[in-house]
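Hi,

Here is the structure I promised to pass on. Have a look at it first, then read my notes below.

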Amino acid sequence: MTAINTPAAPCAPEDVTRVACIGAGVIGGGWVAHFLARGYDVTAWDPAPDAELKLRRLVDAAWPALTQLGLADGASRDRLTVAATLEEAVADAQFVQESAPEKLELKRDLLAQLDAAAPAGAVIASSTSGYPMTDMQTTAADPGRLVVGHPFNPPYLIPLVEVVGGERTAEHAVNWASRFYDVAGKSVITMKAEVPGFIANRLQEALWREALHMVANGEATVREIDDSITEGPGLRWAFMGPMLTFALAGGEGGMAHMLDHFGPSLKSPWTRLEAPELDKKLYDAVVEGCDEEAGERTIADLVAERDQGVIDVLRATGRLPQQRRAQRAAQHEKHQETA
Ligand SMILES: NC(=O)C1=CN([C@@H]2O[C@H](COP(=O)(O)OP(=O)(O)OC[C@H]3O[C@@H](n4cnc5c(N)ncnc54)[C@H](O)[C@@H]3O)[C@@H](O)[C@H]2O)C=CC1
Ligand SMILES: C[N+](C)(C)CC(=O)CC(=O)[O-]
(Lines give C-alpha, C1' and ligand atoms only; values in the text may rest on other atoms or scores of the structure.)
(Ligands and ions follow the chains in the order given, each with its own letter.)
Protein backbone atom coordinates (compact mmCIF):
# COMPACT_ATOMS: atom_id res chain seq x y z
CA MET A 1 0.00 0.00 0.00
CA THR A 2 1.38 3.45 -0.87
CA ALA A 3 1.08 6.36 1.61
CA ILE A 4 -2.01 8.35 0.61
CA ASN A 5 -2.83 11.82 1.83
CA THR A 6 -6.54 11.15 2.42
CA PRO A 7 -8.32 13.20 5.14
CA ALA A 8 -9.08 11.57 8.48
CA ALA A 9 -12.59 10.08 8.92
CA PRO A 10 -15.22 12.52 10.27
CA CYS A 11 -15.45 10.57 13.54
CA ALA A 12 -14.00 7.61 15.40
CA PRO A 13 -15.47 4.18 14.50
CA GLU A 14 -17.01 4.00 17.99
CA ASP A 15 -18.89 7.30 17.44
CA VAL A 16 -20.62 6.42 14.16
CA THR A 17 -24.41 6.81 14.27
CA ARG A 18 -25.24 7.31 10.56
CA VAL A 19 -24.55 4.76 7.84
CA ALA A 20 -25.44 4.86 4.14
CA CYS A 21 -26.13 1.67 2.15
CA ILE A 22 -25.93 2.03 -1.63
CA GLY A 23 -27.58 -0.76 -3.61
CA ALA A 24 -30.35 -2.51 -1.69
CA GLY A 25 -30.63 -5.99 -3.17
CA VAL A 26 -29.83 -9.24 -1.39
CA ILE A 27 -26.61 -7.96 0.19
CA GLY A 28 -27.33 -4.23 0.48
CA GLY A 29 -30.68 -5.08 2.08
CA GLY A 30 -28.93 -7.51 4.41
CA TRP A 31 -26.48 -4.81 5.45
CA VAL A 32 -29.40 -2.40 6.07
CA ALA A 33 -31.04 -4.99 8.36
CA HIS A 34 -27.76 -5.57 10.20
CA PHE A 35 -26.99 -1.88 10.79
CA LEU A 36 -30.58 -1.14 11.89
CA ALA A 37 -30.43 -4.02 14.37
CA ARG A 38 -27.17 -2.67 15.75
CA GLY A 39 -28.88 0.68 16.45
CA TYR A 40 -27.64 2.85 13.57
CA ASP A 41 -29.59 5.38 11.52
CA VAL A 42 -29.48 3.98 8.00
CA THR A 43 -30.06 5.78 4.73
CA ALA A 44 -30.38 3.58 1.65
CA TRP A 45 -30.43 4.32 -2.06
CA ASP A 46 -31.09 2.00 -5.00
CA PRO A 47 -32.06 3.08 -8.53
CA ALA A 48 -34.62 0.28 -9.09
CA PRO A 49 -38.21 1.60 -9.06
CA ASP A 50 -39.46 -1.11 -6.67
CA ALA A 51 -36.34 -1.05 -4.49
CA GLU A 52 -37.91 0.51 -1.39
CA LEU A 53 -40.75 -2.01 -1.25
CA LYS A 54 -38.35 -4.95 -1.64
CA LEU A 55 -35.93 -3.50 0.89
CA ARG A 56 -38.60 -3.00 3.57
CA ARG A 57 -39.86 -6.55 2.90
CA LEU A 58 -36.35 -7.94 3.32
CA VAL A 59 -35.84 -6.04 6.58
CA ASP A 60 -39.24 -7.22 7.90
CA ALA A 61 -38.37 -10.83 7.02
CA ALA A 62 -35.01 -10.55 8.80
CA TRP A 63 -36.32 -8.80 11.92
CA PRO A 64 -37.54 -11.93 13.81
CA ALA A 65 -34.08 -13.50 13.43
CA LEU A 66 -32.44 -10.25 14.49
CA THR A 67 -34.74 -9.99 17.50
CA GLN A 68 -33.69 -13.51 18.53
CA LEU A 69 -30.05 -12.45 18.22
CA GLY A 70 -30.72 -9.45 20.45
CA LEU A 71 -31.32 -5.92 19.18
CA ALA A 72 -29.03 -3.06 20.27
CA ASP A 73 -30.54 -0.37 22.50
CA GLY A 74 -32.71 1.95 20.39
CA ALA A 75 -32.62 -0.31 17.34
CA SER A 76 -35.67 0.22 15.16
CA ARG A 77 -36.86 -0.34 11.61
CA ASP A 78 -38.18 3.26 11.79
CA ARG A 79 -34.59 4.46 11.63
CA LEU A 80 -34.41 3.51 7.94
CA THR A 81 -34.70 6.32 5.39
CA VAL A 82 -34.83 5.60 1.69
CA ALA A 83 -33.27 8.51 -0.20
CA ALA A 84 -34.35 9.75 -3.62
CA THR A 85 -30.80 10.27 -4.88
CA LEU A 86 -27.35 8.89 -4.24
CA GLU A 87 -26.14 12.36 -3.21
CA GLU A 88 -28.92 12.70 -0.61
CA ALA A 89 -28.18 9.20 0.73
CA VAL A 90 -24.54 9.89 1.52
CA ALA A 91 -24.70 13.64 2.28
CA ASP A 92 -24.10 13.25 6.01
CA ALA A 93 -23.03 9.60 6.19
CA GLN A 94 -20.18 8.70 8.52
CA PHE A 95 -19.66 5.39 6.70
CA VAL A 96 -20.83 4.14 3.29
CA GLN A 97 -21.39 0.49 2.26
CA GLU A 98 -21.69 -0.06 -1.50
CA SER A 99 -23.52 -3.22 -2.64
CA ALA A 100 -24.27 -2.63 -6.33
CA PRO A 101 -24.09 -5.36 -9.02
CA GLU A 102 -20.78 -7.12 -9.56
CA LYS A 103 -19.69 -5.29 -12.73
CA LEU A 104 -16.28 -3.68 -12.73
CA GLU A 105 -17.10 -0.57 -14.78
CA LEU A 106 -20.26 0.05 -12.74
CA LYS A 107 -18.34 -0.26 -9.46
CA ARG A 108 -15.59 2.09 -10.70
CA ASP A 109 -18.07 4.80 -11.71
CA LEU A 110 -20.23 4.36 -8.64
CA LEU A 111 -17.31 4.51 -6.20
CA ALA A 112 -16.08 7.69 -7.92
CA GLN A 113 -19.60 9.18 -7.61
CA LEU A 114 -19.82 8.20 -3.95
CA ASP A 115 -16.39 9.69 -3.31
CA ALA A 116 -17.53 12.97 -4.89
CA ALA A 117 -20.73 13.09 -2.79
CA ALA A 118 -19.77 11.72 0.65
CA PRO A 119 -18.31 13.88 3.45
CA ALA A 120 -14.52 14.22 3.20
CA GLY A 121 -12.67 11.32 4.78
CA ALA A 122 -15.74 9.14 5.40
CA VAL A 123 -14.72 5.58 4.62
CA ILE A 124 -16.49 3.93 1.67
CA ALA A 125 -16.53 0.12 1.59
CA SER A 126 -17.47 -2.13 -1.32
CA SER A 127 -19.23 -5.46 -0.80
CA THR A 128 -17.59 -6.86 -3.95
CA SER A 129 -17.24 -10.64 -3.94
CA GLY A 130 -13.93 -10.66 -5.72
CA TYR A 131 -12.65 -7.50 -7.43
CA PRO A 132 -9.44 -6.15 -5.95
CA MET A 133 -9.91 -2.54 -4.79
CA THR A 134 -6.88 -1.58 -6.90
CA ASP A 135 -9.01 -2.28 -10.00
CA MET A 136 -12.06 -0.37 -8.69
CA GLN A 137 -10.47 2.79 -7.27
CA THR A 138 -8.97 4.00 -10.56
CA THR A 139 -11.28 6.96 -11.19
CA ALA A 140 -12.09 8.26 -7.69
CA ALA A 141 -10.63 11.63 -6.70
CA ASP A 142 -9.77 10.31 -3.23
CA PRO A 143 -9.00 6.59 -3.65
CA GLY A 144 -7.40 6.62 -0.20
CA ARG A 145 -10.72 6.13 1.60
CA LEU A 146 -11.96 3.21 -0.53
CA VAL A 147 -11.78 -0.29 0.97
CA VAL A 148 -13.30 -3.70 0.36
CA GLY A 149 -15.65 -4.89 3.13
CA HIS A 150 -16.73 -8.29 1.81
CA PRO A 151 -19.71 -9.77 3.68
CA PHE A 152 -21.39 -13.19 3.60
CA ASN A 153 -25.02 -13.81 2.89
CA PRO A 154 -26.98 -12.85 4.89
CA PRO A 155 -24.81 -10.05 6.32
CA TYR A 156 -27.23 -9.73 9.27
CA LEU A 157 -26.40 -13.29 10.44
CA ILE A 158 -23.03 -14.41 9.14
CA PRO A 159 -20.43 -12.59 11.22
CA LEU A 160 -17.46 -12.56 8.83
CA VAL A 161 -16.40 -9.51 6.86
CA GLU A 162 -13.10 -9.47 4.95
CA VAL A 163 -11.44 -6.06 4.86
CA VAL A 164 -8.67 -5.16 2.42
CA GLY A 165 -7.46 -2.00 0.73
CA GLY A 166 -6.11 -1.42 -2.77
CA GLU A 167 -2.72 -0.06 -3.81
CA ARG A 168 -4.00 3.51 -3.37
CA THR A 169 -5.98 2.98 -0.15
CA ALA A 170 -4.67 4.77 2.94
CA GLU A 171 -3.68 2.39 5.72
CA HIS A 172 -5.68 4.43 8.24
CA ALA A 173 -8.87 3.83 6.17
CA VAL A 174 -8.35 0.05 6.33
CA ASN A 175 -7.78 0.23 10.09
CA TRP A 176 -10.77 2.51 10.56
CA ALA A 177 -13.06 0.16 8.58
CA SER A 178 -11.86 -2.91 10.49
CA ARG A 179 -12.49 -1.23 13.82
CA PHE A 180 -15.89 0.07 12.66
CA TYR A 181 -17.10 -3.38 11.58
CA ASP A 182 -15.86 -4.79 14.88
CA VAL A 183 -17.83 -2.17 16.83
CA ALA A 184 -20.83 -2.87 14.57
CA GLY A 185 -20.83 -6.51 15.64
CA LYS A 186 -19.00 -8.20 12.76
CA SER A 187 -16.14 -10.68 12.91
CA VAL A 188 -13.32 -9.08 10.92
CA ILE A 189 -10.39 -10.46 8.97
CA THR A 190 -8.10 -7.63 7.85
CA MET A 191 -6.09 -8.88 4.91
CA LYS A 192 -2.55 -7.65 4.29
CA ALA A 193 -2.54 -8.58 0.61
CA GLU A 194 -5.08 -8.25 -2.18
CA VAL A 195 -6.16 -11.67 -3.43
CA PRO A 196 -8.95 -11.94 -6.03
CA GLY A 197 -11.86 -13.57 -4.18
CA PHE A 198 -10.21 -12.70 -0.84
CA ILE A 199 -9.83 -15.71 1.48
CA ALA A 200 -13.23 -17.35 1.89
CA ASN A 201 -14.46 -16.99 -1.70
CA ARG A 202 -11.21 -18.37 -3.04
CA LEU A 203 -11.91 -21.45 -0.95
CA GLN A 204 -15.64 -21.56 -1.76
CA GLU A 205 -15.07 -21.17 -5.49
CA ALA A 206 -12.67 -24.12 -5.53
CA LEU A 207 -15.34 -26.27 -3.89
CA TRP A 208 -18.04 -24.97 -6.22
CA ARG A 209 -15.95 -25.60 -9.35
CA GLU A 210 -15.40 -29.21 -8.26
CA ALA A 211 -19.14 -29.60 -7.57
CA LEU A 212 -19.98 -28.31 -11.07
CA HIS A 213 -17.50 -30.75 -12.63
CA MET A 214 -19.19 -33.61 -10.79
CA VAL A 215 -22.66 -32.57 -12.01
CA ALA A 216 -21.34 -32.04 -15.55
CA ASN A 217 -19.76 -35.50 -15.59
CA GLY A 218 -22.74 -37.23 -14.00
CA GLU A 219 -20.54 -38.19 -11.03
CA ALA A 220 -22.88 -36.74 -8.38
CA THR A 221 -26.30 -35.12 -8.21
CA VAL A 222 -26.94 -31.66 -6.82
CA ARG A 223 -28.54 -33.26 -3.76
CA GLU A 224 -25.62 -35.64 -3.18
CA ILE A 225 -23.23 -32.70 -3.32
CA ASP A 226 -25.28 -30.74 -0.79
CA ASP A 227 -25.75 -33.77 1.50
CA SER A 228 -22.05 -34.58 1.31
CA ILE A 229 -21.32 -31.23 2.96
CA THR A 230 -24.28 -30.79 5.35
CA GLU A 231 -24.06 -34.40 6.61
CA GLY A 232 -20.27 -34.40 6.50
CA PRO A 233 -17.52 -31.77 6.68
CA GLY A 234 -19.99 -28.86 7.01
CA LEU A 235 -20.88 -30.00 10.53
CA ARG A 236 -17.24 -29.63 11.58
CA TRP A 237 -16.62 -26.41 9.65
CA ALA A 238 -19.27 -24.51 11.63
CA PHE A 239 -16.86 -24.29 14.55
CA MET A 240 -13.46 -25.62 13.40
CA GLY A 241 -11.81 -24.62 10.14
CA PRO A 242 -10.44 -27.04 7.53
CA MET A 243 -6.84 -26.79 8.76
CA LEU A 244 -7.42 -27.66 12.42
CA THR A 245 -10.04 -30.23 11.42
CA PHE A 246 -7.45 -32.01 9.26
CA ALA A 247 -4.85 -31.76 12.03
CA LEU A 248 -7.16 -34.06 14.01
CA ALA A 249 -7.08 -36.52 11.11
CA GLY A 250 -3.42 -37.06 12.03
CA GLY A 251 -4.37 -38.43 15.48
CA GLU A 252 -1.77 -37.82 18.20
CA GLY A 253 0.67 -36.87 15.43
CA GLY A 254 -1.51 -33.89 14.47
CA MET A 255 -0.98 -32.02 11.20
CA ALA A 256 2.59 -33.32 10.78
CA HIS A 257 1.34 -36.91 10.61
CA MET A 258 -1.61 -35.85 8.47
CA LEU A 259 0.79 -34.28 5.93
CA ASP A 260 3.14 -37.28 5.96
CA HIS A 261 0.23 -39.71 5.61
CA PHE A 262 -2.04 -37.91 3.14
CA GLY A 263 0.32 -35.37 1.53
CA PRO A 264 1.09 -37.69 -1.42
CA SER A 265 -2.61 -37.84 -2.32
CA LEU A 266 -2.45 -34.09 -3.04
CA LYS A 267 -0.72 -35.12 -6.25
CA SER A 268 -3.37 -37.63 -7.23
CA PRO A 269 -6.05 -36.31 -9.57
CA TRP A 270 -8.78 -35.64 -7.01
CA THR A 271 -9.44 -32.14 -8.25
CA ARG A 272 -10.01 -30.50 -11.63
CA LEU A 273 -9.43 -26.85 -10.87
CA GLU A 274 -10.02 -25.48 -14.39
CA ALA A 275 -13.58 -24.10 -14.44
CA PRO A 276 -16.05 -26.29 -16.37
CA GLU A 277 -17.84 -24.84 -19.40
CA LEU A 278 -21.20 -23.53 -18.13
CA ASP A 279 -23.08 -24.90 -21.14
CA LYS A 280 -26.88 -25.18 -21.21
CA LYS A 281 -26.86 -28.81 -20.13
CA LEU A 282 -24.83 -28.11 -16.98
CA TYR A 283 -26.72 -24.88 -16.30
CA ASP A 284 -30.09 -26.65 -16.47
CA ALA A 285 -28.89 -29.63 -14.45
CA VAL A 286 -27.76 -27.37 -11.59
CA VAL A 287 -30.89 -25.20 -11.63
CA GLU A 288 -33.24 -28.18 -11.87
CA GLY A 289 -31.31 -30.05 -9.17
CA CYS A 290 -31.73 -27.11 -6.78
CA ASP A 291 -35.44 -26.81 -7.61
CA GLU A 292 -35.91 -30.51 -6.98
CA GLU A 293 -34.03 -30.32 -3.68
CA ALA A 294 -36.09 -27.31 -2.56
CA GLY A 295 -39.31 -29.21 -3.35
CA GLU A 296 -42.37 -27.31 -2.11
CA ARG A 297 -40.26 -24.79 -0.19
CA THR A 298 -40.25 -21.23 -1.59
CA ILE A 299 -37.20 -18.96 -1.47
CA ALA A 300 -38.81 -17.20 1.52
CA ASP A 301 -39.23 -20.60 3.27
CA LEU A 302 -35.59 -21.45 2.58
CA VAL A 303 -34.40 -18.05 3.84
CA ALA A 304 -36.34 -18.55 7.10
CA GLU A 305 -34.98 -22.09 7.42
CA ARG A 306 -31.42 -20.93 6.78
CA ASP A 307 -31.73 -18.01 9.23
CA GLN A 308 -32.99 -20.29 12.01
CA GLY A 309 -30.28 -22.85 11.21
CA VAL A 310 -27.52 -20.24 11.46
CA ILE A 311 -28.92 -18.91 14.74
CA ASP A 312 -29.12 -22.43 16.18
CA VAL A 313 -25.51 -23.14 15.17
CA LEU A 314 -24.32 -19.81 16.57
CA ARG A 315 -26.17 -20.48 19.83
CA ALA A 316 -24.92 -24.07 20.10
CA THR A 317 -21.32 -22.95 19.57
CA GLY A 318 -21.51 -19.98 21.97
CA ARG A 319 -21.27 -17.30 19.25
CA LEU A 320 -24.50 -15.32 19.62
CA PRO A 321 -23.65 -11.62 20.18
CA GLN A 322 -24.82 -11.80 23.80
CA GLN A 323 -22.78 -14.97 24.39
CA ARG A 324 -19.67 -13.31 22.93
CA ARG A 325 -20.23 -10.26 25.15
CA ALA A 326 -20.54 -12.49 28.24
CA GLN A 327 -17.36 -14.38 27.27
CA ARG A 328 -15.46 -11.10 26.79
CA ALA A 329 -16.71 -9.83 30.17
CA ALA A 330 -15.66 -13.08 31.89
CA GLN A 331 -12.22 -12.92 30.24
CA HIS A 332 -11.86 -9.29 31.30
CA GLU A 333 -12.81 -10.17 34.88
CA LYS A 334 -10.32 -13.06 34.94
CA HIS A 335 -7.63 -10.78 33.57
CA GLN A 336 -8.38 -8.17 36.28
CA GLU A 337 -8.16 -10.83 38.99
CA THR A 338 -4.77 -12.09 37.80
CA ALA A 339 -3.33 -8.59 37.16
N1 LIG B 1 -25.38 -12.40 -3.24
C2 LIG B 1 -24.35 -12.81 -2.47
O3 LIG B 1 -24.35 -13.93 -1.95
C4 LIG B 1 -23.20 -11.91 -2.21
C5 LIG B 1 -22.96 -10.78 -2.99
N6 LIG B 1 -21.91 -9.95 -2.67
C7 LIG B 1 -21.64 -8.75 -3.47
O8 LIG B 1 -22.61 -7.76 -3.12
C9 LIG B 1 -22.87 -6.91 -4.24
C10 LIG B 1 -24.35 -6.89 -4.52
O11 LIG B 1 -24.77 -8.19 -4.86
P12 LIG B 1 -26.27 -8.69 -4.61
O13 LIG B 1 -26.87 -7.97 -3.48
O14 LIG B 1 -26.21 -10.16 -4.60
O15 LIG B 1 -26.97 -8.23 -5.96
P16 LIG B 1 -28.52 -7.87 -6.22
O17 LIG B 1 -28.72 -8.02 -7.66
O18 LIG B 1 -29.39 -8.62 -5.29
O19 LIG B 1 -28.60 -6.33 -5.81
C20 LIG B 1 -27.96 -5.33 -6.50
C21 LIG B 1 -28.76 -4.05 -6.30
O22 LIG B 1 -28.02 -2.97 -6.85
C23 LIG B 1 -28.95 -2.11 -7.48
N24 LIG B 1 -28.24 -1.29 -8.47
C25 LIG B 1 -28.19 -1.43 -9.81
N26 LIG B 1 -27.42 -0.46 -10.35
C27 LIG B 1 -26.97 0.29 -9.30
C28 LIG B 1 -26.18 1.45 -9.20
N29 LIG B 1 -25.63 2.03 -10.27
N30 LIG B 1 -25.95 1.98 -7.98
C31 LIG B 1 -26.47 1.42 -6.87
N32 LIG B 1 -27.25 0.32 -6.91
C33 LIG B 1 -27.48 -0.23 -8.11
C34 LIG B 1 -30.00 -3.01 -8.07
O35 LIG B 1 -31.22 -2.30 -8.30
C36 LIG B 1 -30.11 -4.07 -7.00
O37 LIG B 1 -31.13 -3.77 -6.06
C38 LIG B 1 -22.02 -7.46 -5.38
O39 LIG B 1 -20.82 -6.75 -5.45
C40 LIG B 1 -21.78 -8.90 -4.97
O41 LIG B 1 -20.63 -9.45 -5.52
C42 LIG B 1 -21.10 -10.16 -1.58
C43 LIG B 1 -21.31 -11.26 -0.78
C44 LIG B 1 -22.34 -12.23 -1.06
C1 LIG C 1 -21.67 -16.40 -4.46
N2 LIG C 1 -20.83 -15.32 -3.93
C3 LIG C 1 -19.53 -15.38 -4.60
C4 LIG C 1 -21.49 -14.05 -4.27
C5 LIG C 1 -20.74 -15.56 -2.48
C6 LIG C 1 -20.02 -14.55 -1.64
O7 LIG C 1 -19.41 -13.59 -2.09
C8 LIG C 1 -19.98 -14.78 -0.16
C9 LIG C 1 -21.03 -15.67 0.44
O10 LIG C 1 -22.03 -15.18 0.90
O11 LIG C 1 -20.81 -16.89 0.42
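Phe198 counts as buried, at 2% relative accessibility (buried means under 20% relative accessible area, exposed over 50%, and partly exposed in between, with a 1.4 Å probe and protein chains only). Phe198 sits in the loop between β8 and α7 (helices, H or I, of at least four residues and strands, E, of at least two are DSSP runs, numbered from the N terminus). Its phi is near 55°, a positive value in a residue other than glycine.

Before you go on, some ground rules. This is a predicted model, where local features need pLDDT of at least 70 and side-chain atom pairs count only at pLDDT 80 or more, while totals for chains, interfaces and linings use all residues. Residues are numbered from 1 along each chain as its sequence is written, chains are lettered from A and ligands numbered from 1 in the order in which they are written, and side-chain values use heavy atoms, with hydrogens and water left out.

Ile199 is in that loop too, between β8 (187-190) and α7 (200-216), but Ile199 is partly exposed, at 38% relative accessible area. Together with Ile189 and Leu203, Ile199 forms a nonpolar surface patch of about 250 Å² of accessible area. Patches take residues with over 30% relative accessible area and no salt bridge, joining like charges within 9 Å and nonpolar side chains (Val, Leu, Ile, Met, Phe, Trp, Tyr) within 5 Å. The areas come from the Shrake-Rupley method with a 1.4 Å probe, and for residues only the protein chains shown count as cover.

Pro154 lies in the loop between β6 (146-150) and β7 (160-165). Why point these out? Most residues other than glycine have a negative phi, and most peptide bonds are trans.

Now the ligands. Ligand 1 is surrounded by 22 residues, the closest being Ile27, Asp46, Glu102, Lys107 and Ser129 (a residue is near a molecule or strand if one of its heavy atoms lies within 4 Å of it). Polar contacts are pairs of N or O atoms within 3.5 Å; within protein, one must be able to donate a hydrogen and the other to accept it, and residues adjacent in sequence count only if both atoms are side-chain atoms. A polar side-chain atom of Glu102 is 2.6 Å from an oxygen atom of ligand 1. On its own, ligand 1 exposes 830 Å², and the protein buries 72% of that.

Ligand 2 has Asn153 among its surrounding residues, along with His150 and Gln204. A backbone N or O atom of Asn153 is 2.8 Å from an oxygen atom of ligand 2, and a side-chain N or O atom of His150 is 2.9 Å from a ligand 2 oxygen. Taken alone, ligand 2 exposes 320 Å², of which the protein buries 58%. Helix α7 gives the largest share of this shell, 3 residues.

Last, salt bridges: the structure holds 16, each a side-chain nitrogen of Lys or Arg within 4 Å of a carboxyl oxygen of Asp or Glu. Asp92 pairs with Arg18, with the closest N and O atoms 3.5 Å apart. This pair links distant parts of the chain, 74 residues apart. Asp142 and Arg145 meet at 3.8 Å, N to O, and both are buried. Glu14, Arg179 and Asp182 are linked in a network of salt bridges.

Cheers
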